[in-house]
Amino acid sequence: MSHSPMNALSRRQWLATAAVIIGAGFQLTAMAQATTVQVWKDPNCGCCHLWIEHLQSSGFKVEVRDVGNAAARKRLGMPEKLGSCHTATVGGYVIEGHVPAADIHRLLKERPVALGLSVPGMPIGSPGMDGPEYKGRKDAFDVWLVQKDGTAKSFQRYPGQGRMA
């Protein structure tokens, strides 16, 4: 049986392509696992449910724990002054409040050294706080990048706008 240079080259190309495909498969699996968000919230909170729907529509898989979030927030080290109605974890970060999914994706892509992100309070117009009852109102708010020592700096600013109704 003879082996031509063309057959050897084709075999090498095939093996290289197979290795790339297998490697990409492992990366996609790791990325899919990294996008699972665990959320602690009150079982009766409607805005938390809407925020979860926002995350799901942005490609995140969400696991919900309807047990409240105060204990989780404290255990995870998020300062009370940056608190909101739900607390989450994703990719080794803590997410507090109505953080837009785009900012979570950015956090996971950039991987800064930090505790996580927070949108303190419940700003109207933020994801989950943007239902029809607000008649298009969007208040200005910041997404804060929170350090492990509790300090924070603006990660993303949303300027807000008046009523749209």
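Visitor: In what sense do strand 5 and strand 6 pair, and over how many bridges?

Guide: Strands count as paired if DSSP finds at least two bridges between them. Here strand 5 and strand 6 pair in the antiparallel sense, over three bridges. The strands and helices themselves are DSSP runs, numbered from the N terminus (helices are H or I with at least four residues, strands are E with at least two).

Visitor: Before going on, what kind of model is this?

Guide: It is a predicted model, where local features need pLDDT of at least 70 and side-chain atom pairs count only at pLDDT 80 or more, while totals for chains, interfaces and linings use all residues. Residues are numbered from 1 along each chain as its sequence is written, and side-chain values use heavy atoms, with hydrogens and water left out.

Visitor: Back to the sheet, then. Which residue in strand 6 does Ser118 stand opposite?

Guide: Ser118 faces Trp144. Trp144 also has a bridge partner in strand 7, namely Ser154. Strand 6 and strand 7 run antiparallel and are joined by six bridges. Their hairpin has five residues between the strands, and Gly150 there takes a positive phi near 95 degrees.

Visitor: Is strand 6 largely enclosed or open?

Guide: For that you need the burial scale: buried means under 20% relative accessible area, exposed means over 50%, and partly exposed is in between (1.4 Å probe, protein chains only). Five of the six residues of strand 6 are buried, so this strand is largely enclosed by the rest of the structure.

Visitor: How many aromatic pairs does a search of the whole structure find?

Guide: A pair of aromatic rings is described by the distance of the centres and the angle of the planes. Rings of Phe, Tyr and Trp (its six-membered ring) pair if their centres lie within 6.5 Å; planes under 30 degrees apart count as stacked, over 60 as edge-to-face, and the rest as tilted. The search finds one pair. The rings are those of Phe141 and Tyr158, with centres 4.8 Å apart and planes at 15 degrees, so the pair is stacked. It links distant parts of the chain, as Phe141 is in strand 6 and Tyr158 is in strand 7 (residues 152-158), 17 residues apart. Phe141 is buried, at 7% relative accessible area, whereas Tyr158 is partly exposed at 24%.

Visitor: What sits over the ring of Phe155?

Guide: A charge sits over a ring if NZ of Lys or CZ of Arg is within 6 Å of the ring centre and within 35 degrees of the ring normal. In this case it is the charged end of Arg106, 3.8 Å from the centre of the Phe155 ring.

Visitor: Which residues touch the most other members of the largest nonpolar core?

Guide: In soluble globular proteins, nonpolar side chains tend to be buried together. A nonpolar core is a set of buried Ala, Val, Leu, Ile, Met, Phe, Trp, Tyr and Cys residues joined through side-chain atoms within 4.5 Å. The largest one here has 23 residues, and those touching the most other members are Val37, Trp51, Leu55, Phe60, Ile95, Ile104 and Leu117. Several elements each supply at least two residues, including strand 1 (36-41), helix 2 (46-57) and strand 6 (141-146). Helix 4 gives the largest share, four residues. There is also a second, separate core of six residues, including Cys45, Cys47, Cys85 and Met129.

Visitor: Which residues of helix 4 are buried?

Guide: They are Ala101, Asp103, Ile104, Leu107 and Leu108. Seen down the helix axis, these buried residues fall within an arc of 160 degrees (taken from the directions from the axis to the C-beta atoms), so they line one face of helix 4. Ala102 and Lys109, on the other side, are exposed.
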